[in-house]
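Here are my notes for your first look at this protein. Keep the structure open beside you and check each point as you read.

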Amino acid sequence: MTSQDRWLLPEGVDELLPQQAAVAEQVRRDILDLYKTWGYQLVVPPLVEFTDSLLIGMGDDVAHQSFRLTDQLSGKPMAIRADITPQTARIDAHSMRATGTNRLCYAGSVLHTRPSAPLASRCPMQAGAELYGDAGLDADIEIISLMLAMLQAVDARYARGPGNGGKGLHRLTLDLGHVGIYRTVLAVIDSLQPSLHDDAKVLIEDALQRKSVTELRELAPKLITDKQLVEIICQLPLLCGDRHVLDDARELLQGLEALYQSSAAAGIETIDIAKQITGALDELAGVADVIALRFPEVGIYFDLTELRGYAYHTGLVFAAYADGHGSALANGGRYDDVGQVFGAARPATGFNTDVKTLINFIYGDESAGLSPSDGENADGVVEKIQAIAAPIIHDAALWEEVQALRAQGKIVVNVQAQQLDHYQQRLVFTSDGWVVR
């Protein structure tokens, strides 16, 4: 590396300069303050942990996104966190040994081996909330409500505030799914074809996630022998849209129970396929009803083949989108029993957001305007720095006045005499002592 390119950062690794950093830090504080008002306690997990605790129970996605290293003291493998969720699960189950309902929140940097989406940062600033110990639908509703309230609060305070031209989160949409739908289909596949290789299931899952009906039409008949099941699988990607999707799903999936019963081996404990499907669809409907009541301005979209985090999610999955942004601004879901590896199989649901993505989308270039700066505005007029300038004079009375102003939360900067005029206000000495003018 030459001296000319020593400033280069790795691809996808970014930094926040003073103006953007000021915005990000304020948003982070506001988010945590909001979580606190909902009863969520702040935890600060470590940046690195042993892989035995950090990568267990969260599926291959998290493992593949994690940088690995070796602890020089113990010789054991470690990883830099790619997601704070498993850490909070460990804290709840092991460090706190919680038994009842436990609400935890966090905000910190994570590191990814690859960007999670095109042009995404590999070092997001993740802020999230997790609710443990409550397996009921009300817990999912609370978490989803908090996610939407957080986005609206940030939007209302900054994006639509003075100096941002009315920009903001136009048309928020809540995307709702349930991994129980595909898990039920998978149970029928396993029952009909117990010898089907896991690699084949991955191919089906991938095509479903990408909603490629054409690919499924070509792939499924080669892997699945039952024509009715093939048709159901090929129709799954079409189960997305408004409330009518739930009725379509009930009609499409009603034949799964018969298929399952006809293939279940004698003496093997079977599951109630119809009950599982009905339960999943009823949960989706129940959540949608409450969210529509609480957030009438938020659109609701159902996607029954949303398989993000399928390896560890156990029920509802959800994400919040806004017009003009292809990636989710926040997402989460239910992930019961992840804490089992830490000694306590606890119900769990939660969500997180990337503060960097959030402020970049809501504010764009306007994020720079929230931090004091000295330069020309759009009309070519030099704007003075929004701070109080104090001359560099070693005077006890001046020092006391500067400290008193800072104690009030004022920004006071010590500058040379020739720089005083660059600031909107300055400390000057009068017959009454040092005063701000």
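1. Start with one cysteine. Cys-234 has 0% relative accessibility, so Cys-234 counts as buried. Bear in mind that this is a predicted model.

2. Cys-240 has a relative accessible area of 24%, so Cys-240 is partly exposed. The cut-off matters here: buried means under 20% relative accessible area. A disulfide is a covalent bond between the sulfur atoms of two cysteines. How many disulfides does the count come to? The count is zero.

3. Step back to the whole protein. There are 437 residues, and 46% of them count as buried. The secondary structure comes to 14 helices and 18 strands. The accessible surface is about 22100 Å². Carbon and sulfur atoms account for 52% of that surface.

4. Look at how the chain meets itself. Take the contacts between residues at least 6 apart in sequence. Of these, 69% join residues at least 24 apart.

5. Find helix α4, residues 85–95. Is α4 largely enclosed or largely open? Nine of its 11 residues are buried, so α4 is largely enclosed by the rest of the structure. The buried residues are Thr-85, Pro-86, Gln-87, Thr-88, Ala-89, Arg-90, Ile-91, Asp-92 and Ala-93. Note that Arg-90 and Asp-92 are on that list; both count as charged.

6. Move on to the residue Arg-97, which follows α4. Arg-97 lies in the loop between α4 and β5. Its relative accessibility is 57%, so Arg-97 counts as exposed. Now check the backbone. Most residues other than glycine have a negative phi. Arg-97 has a positive phi, near 50°.

7. Lys-211 is not a glycine, yet its phi is positive, about 55°. Lys-211 sits in the loop between α7 (198–209) and α8 (213–223). With a relative accessible area of 28%, Lys-211 is partly exposed.

8. Next, go to Gln-41 in strand β1, residues 41–42. Gln-41 is partly exposed, at a relative accessible area of 44%. What does Gln-41 contact, leaving aside its neighbours within four places in sequence? The residues are Met-96, Asn-102, Arg-103, Leu-104 and Cys-105. Also compare Gln-41 with Glu-130. These two are 89 residues apart in sequence. In space, C-alpha to C-alpha, they are 9.7 Å apart.

9. Finish with a pair of helices. These are α10 (residues 244–253) and α12 (residues 273–294). Their axes come within 10 Å and cross at roughly 175°. Angles over 145 degrees count as roughly antiparallel. Therefore α10 and α12 are roughly antiparallel to each other.

10. Which residues make the contact between these helices? From α10 come Leu-246, Ala-249, Arg-250 and Leu-253. They meet Ile-277, Thr-278, Leu-281, Asp-282, Leu-284 and Ala-285 in α12. By class, the contact has seven nonpolar, one polar and two charged residues. An α-helix has 3.6 residues a turn, so residues three or four places apart point the same way. Trace the listed residues on each helix with that in mind.

Definitions and conventions:
Residues numbered from 1 in each chain as written. Predicted model: local features only at pLDDT ≥ 70, side-chain atom pairs only at ≥ 80, totals over all residues. Heavy atoms only, no water. Axes fitted to C-alpha atoms, helices over the stretch in contact; angles between N-to-C directions. Helix = DSSP H or I, 4+ residues; strand = E, 2+ residues; numbered from the N terminus. Parallel < 35°, antiparallel > 145°, perpendicular 65-115°, else oblique. Contact = heavy atoms within 4.5 Å. Buried < 20%, exposed > 50% of the residue type's maximum accessible area, 1.4 Å probe, protein only. Areas by Shrake-Rupley, 256 points an atom, 1.4 Å probe, with all protein chains shown as cover. Disulfide = S-S within 2.5 Å.
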